[in-house]
Amino acid sequence: MLNNIVPGQRISTLTGAPTPDDLDELISLVWKEPAFFLAHTTAIAAFGREATRRGVPPPTITLFGSPFLTWRGLPLVPNNKLKIENGKTQILLLGTGESRRGVVGLYQPPGLPGEQGFGLAVKFMGINRKAIASYLISLYCSLAIRTDDAIAVLENVEVGKYHDYKHEYRK
């Protein structure tokens with residue numbers, strides 16, 4: 001998916017660590033109906049540190065029974081598939097849905113051997129000596145980006161920046 005993002009939808013961080021300004025820039029690129037940010041967990045933590053340091057801690061919402069940080073009402077969804085290389089990663093913002101001309105999932109047409117649903121196949125692999133049955137479960141799908149402005153990426157996101165907070169005590 002990263003390889004299919006057009007150059008005009010790629011931006012770099014202002015200071016290295018992901019700031020609220022950086023995420024606002026992403027929103028300006030995917031402005032029609034953005035759905036969610038997608039980021040590595042360490043990038044989400046880095047954004048939380050930067051936003052809190054600036055005095056605008058990101059609010060949380062509960063989705064699927066778990067808390068998620070948000071920015072401008074858009075959840076930051078964790079994903080460990082975005083690699084961290086040399087202390088840097090990316091943050092994506094996606095608009096989703098066919099009617100919104102966003103990013104959509106494509107599934108294998110019907111007719112897979114052992115098909116149980118859209119692109120989902122289950123194959124019996126056998127029973128071992130302890131009478132445990134094994135199955136191979138496969139999901140055949142891919143993504144399509146329907147318009148260039150349905151996705152944008154923030155690049156060069158530094159995840160290892162921490163701040164030393166000086167505490168002064170008054171007597």
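Leaving aside its neighbours within four places in sequence, Glu50 is in contact (heavy atoms within 4.5 Å) with Ala17, Pro18, Thr19, Lys161 and His163. The model in which this is seen is a predicted one, where local features need pLDDT of at least 70, side-chain atom pairs count only at pLDDT 80 or more, and totals for chains, interfaces and linings use all residues. Residues are numbered from 1 along each chain as its sequence is written, and side-chain values use heavy atoms, with hydrogens and water left out.

Glu50 belongs to helix H2, where helices (H or I, at least four residues) and strands (E, at least two) are DSSP runs numbered from the N terminus. With a relative accessibility of 0%, Glu50 counts as buried; the term stands for under 20% relative accessible area, while exposed means over 50% and partly exposed lies in between, computed with a 1.4 Å probe on protein chains only. Arg54, in the loop between H2 and S3, counts as partly exposed at 40% relative accessibility. When residues up to four places away in sequence are not counted, Arg54 touches Thr19 and Pro20. The C-alpha atoms of Arg54 and Asn3, which are 51 residues apart along the chain, are separated by 33 Å.

An open sheet of seven strands has the order S1-S12-S6-S2-S5-S4-S3, with mixed pairing; two strands are taken to pair if DSSP finds at least two bridges between them. Strands of a sheet pair through backbone hydrogen bonds, in either a parallel or an antiparallel sense. At the edges stand S1 and strand S3 (60-63), each with a single partner strand, so one side of each is left without a neighbour in the sheet. On average, and with direction ignored, neighbouring strands of this sheet are turned by 30° against each other; axes here are lines fitted to C-alpha atoms, for helices over the stretch in contact, and angles run from 0 to 180 degrees between N-to-C directions.

Within this sheet, S4 and strand S5 (residues 74-78) pair in the antiparallel sense over two bridges, and the bridge partner of Thr70 in S5 is Pro75. Helix H1 (residues 20-29) packs on the sheet, touching S1, strand S2 (36-39), S4, S5, strand S6 (88-94) and strand S12 (151-158), and its direction makes about 160° with that of S12. Helix H2, for its part, lies across S2, S4, S5, S6 and S12, and runs at about 140° to S5.

Rings of Phe, Tyr and Trp (its six-membered ring) pair if their centres lie within 6.5 Å, with planes under 30 degrees apart counted as stacked, over 60 as edge-to-face and the rest as tilted. By this rule the count comes to two aromatic pairs. Phe47 and Trp71 form an edge-to-face pair, at 5.6 Å centre to centre and with 75° between the planes. Phe47 lies in helix H2 (residues 41-53) and Trp71 in strand S4 (residues 66-71), so the pair ties together parts that are 24 residues apart in sequence. Phe47 is buried, with a relative accessible area of 0%, and Trp71 also counts as buried, at 8% relative accessibility.

In strand S6 of the sheet lies Ile91, which counts as buried at 0% relative accessibility.

Leaving aside its neighbours within four places in sequence, Ile91 is in contact with residues including Pro18, Leu23, Leu26, Phe37, Ala43 and Val157. The C-alpha atoms of Ile91 and Leu139, 48 residues apart along the chain, are separated by 25 Å.

Gln9, in the segment before strand S1 (10-12), is buried, with a relative accessible area of 9%. The side chain of Gln9 reaches the backbone oxygen of Ile151 at 3.1 Å, a polar contact being a pair of N or O atoms within 3.5 Å, of which, within protein, one must be able to donate a hydrogen and the other to accept it, while residues adjacent in sequence count only if both atoms are side-chain atoms. When neighbours within four places in sequence are left aside, the contacts of Gln9 include Leu29, Val30, Asp148 and Ile151.

A second sheet remains to be described. This open sheet of three strands has the order S8-S9-S10, with antiparallel pairing, and its edge strands are strand S8 (115-117) and strand S10 (133-139), each of which pairs on one side only. Neighbouring strands of this sheet are turned by 35° against each other on average, direction ignored. Seven bridges join strand S9 (residues 120-127) to S10 in an antiparallel run, and Phe124 stands opposite Tyr135 in S10.
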